[in-house]
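Hello,

Here is the structure I said I would pass on. My notes follow below it.

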Amino acid sequence: MALLLCVSNVTTFEWSATPIDIILTDLVMEKDDSGINLIRAAREIDQYVMAILFTAKKDKLNKETIKKVFEYGAIDIVDKSAKNTEAGDILRLKTRILLSYRQLLKQQLLQQRNFLRQHFDPRIFDVIEKDPSLLEVSQRTITIVFWDIRGFSKLCDILKAHPKLISGFLKEYYELGADVIFKHNGVLDKFIGDGIMAMFGVINHKDDDGTSDAISAVNAAKELKRKFNDLIKSWLHKWKLSIAENDINEIDIKLGCGIHTGEATVGNIETKSRNQFTALGPHVNFASRIESASKLGQILVSSTTEHRVKSDISISLSLFESNFEAKNIKGTFSLYSVNE
């Protein structure tokens, strides 16, 4: 039910804790600008409250006052010196319009919050709600991580008669991935089939050339690798209840992981059909190529990531040494393997 607050010719007013949808207020009350100050105070409590200022001095308002009225959050100014029935009809019409608009706005905000909660740890989500500018598209140095389950296609073939055993496993894997990413201050970009993409350094970025973010990314990869192996052990027991022993022996799945640090275009990319908080650019593609090159249970990092983490994390030059060639990316590159 919509709540409407009407204020006219009062000397004092105590704001109620009850949410208000629309404020209809006179301009001149205790002071000449009491109505404006009331709207401003209401907007500080709820920035989406709707407000209409009605005054008998509409034609006499100077440009500065009108500017303040709208800057402080009024949607419209109604002349109450008009005939009573006419002013009342105008107020009723505009009130209905604003109620519909506020309801639509609330639905959009709810959808946006639900969308953001999929990507961000609740602690980071609270920061973003206070400062939505963090979602704006910008160039940032971040560390991008891709994971993919090696051997998943064969697992699906073995379990093709038991789709719930596949979907249940994937659900736990996704939840595990999100928990680990959030724990290490990362942002969950997306689930891609049996893959996961994450970004580190998007929100809690420190002024250290991305070193802390790269270390967080590698530590997240190491933790997810350990916990994924534990997850497999628990699911092997469930799979044994439904499939033959020789099929169980054919199951060999582990995570492959690729990590790269570089500059990317990051932010909330909006289209007509959907929003996506993501990172774009050649460095994102390169991280994906590194993940494709990783073997069963291997965490591979680029030289830009290795340089940032080598003093904190044990890393060795991979079998690729300096001869890795990424598809559709010119040049040869060195890749490094994260040690246990």
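Helices (H or I, at least four residues) and strands (E, at least two) are DSSP runs, numbered from the N terminus. This is a predicted model, in which local features need pLDDT of at least 70 and side-chain atom pairs count only at pLDDT 80 or more, while totals for chains, interfaces and linings use all residues. Residues are numbered from 1 along each chain as its sequence is written, and side-chain values use heavy atoms, with hydrogens and water left out.

Confidence. pLDDT is the predictor's confidence in each residue, from 0 to 100. The average for the protein is 81, and 82% of the residues score at least 70. Where pLDDT is low, the predicted coordinates should not be read in detail.

Overall. The protein has 10 helices and 12 strands. Of its 340 residues, 44% count as buried; buried means under 20% relative accessible area, exposed over 50%, and partly exposed in between (1.4 Å probe, protein chains only). With a contact defined as heavy atoms within 4.5 Å, residues 24 or more positions apart account for 66% of the contacts with a separation of 6 or more.

Two loop residues. Asparagine 185 lies in the loop between helix H6 (163-183) and strand E6 (186-192). Although it is not a glycine, asparagine 185 has a positive phi of about 65°, and its relative accessible area of 38% makes it partly exposed. Aspartate 209, also not a glycine, has a positive phi of about 60°. It sits in the loop between strand E7 (195-200) and helix H7 (211-240) and is exposed, with a relative accessible area of 60%. Most residues other than glycine have a negative phi.

Helix H9. The buried residues of H9 include Val284, Phe286, Ala287 and Ile290. The expected span of a helix is 1.5 Å times one less than its number of residues, so the 12 residues of H9 (residues 282-293) should span 16 Å; the end C-alpha atoms are 17 Å apart, which agrees.

Cavity. On a 1 Å grid over the protein atoms alone, a cavity is a set of points where a 1.4 Å probe fits but cannot get out, and lining residues have an atom within 4 Å of a point. One cavity of 30 Å³ or more was found in the whole structure. Among the residues lining the largest cavity are Trp147, Lys225 and Cys257. H7 and strand E8 (254-270) are the elements that give two or more residues to this lining, and E8 gives the most, with three.

Regards

How values were computed:
On a 1 Å grid over the protein atoms alone, a cavity is a set of points where a 1.4 Å probe fits but cannot get out, and a pocket is an open set with protein on both sides within 12 Å along at least five of seven lines; lining residues have an atom within 4 Å of a point. Grid points are joined across faces, edges and corners, and a volume is the space filled by probe spheres set on the points.
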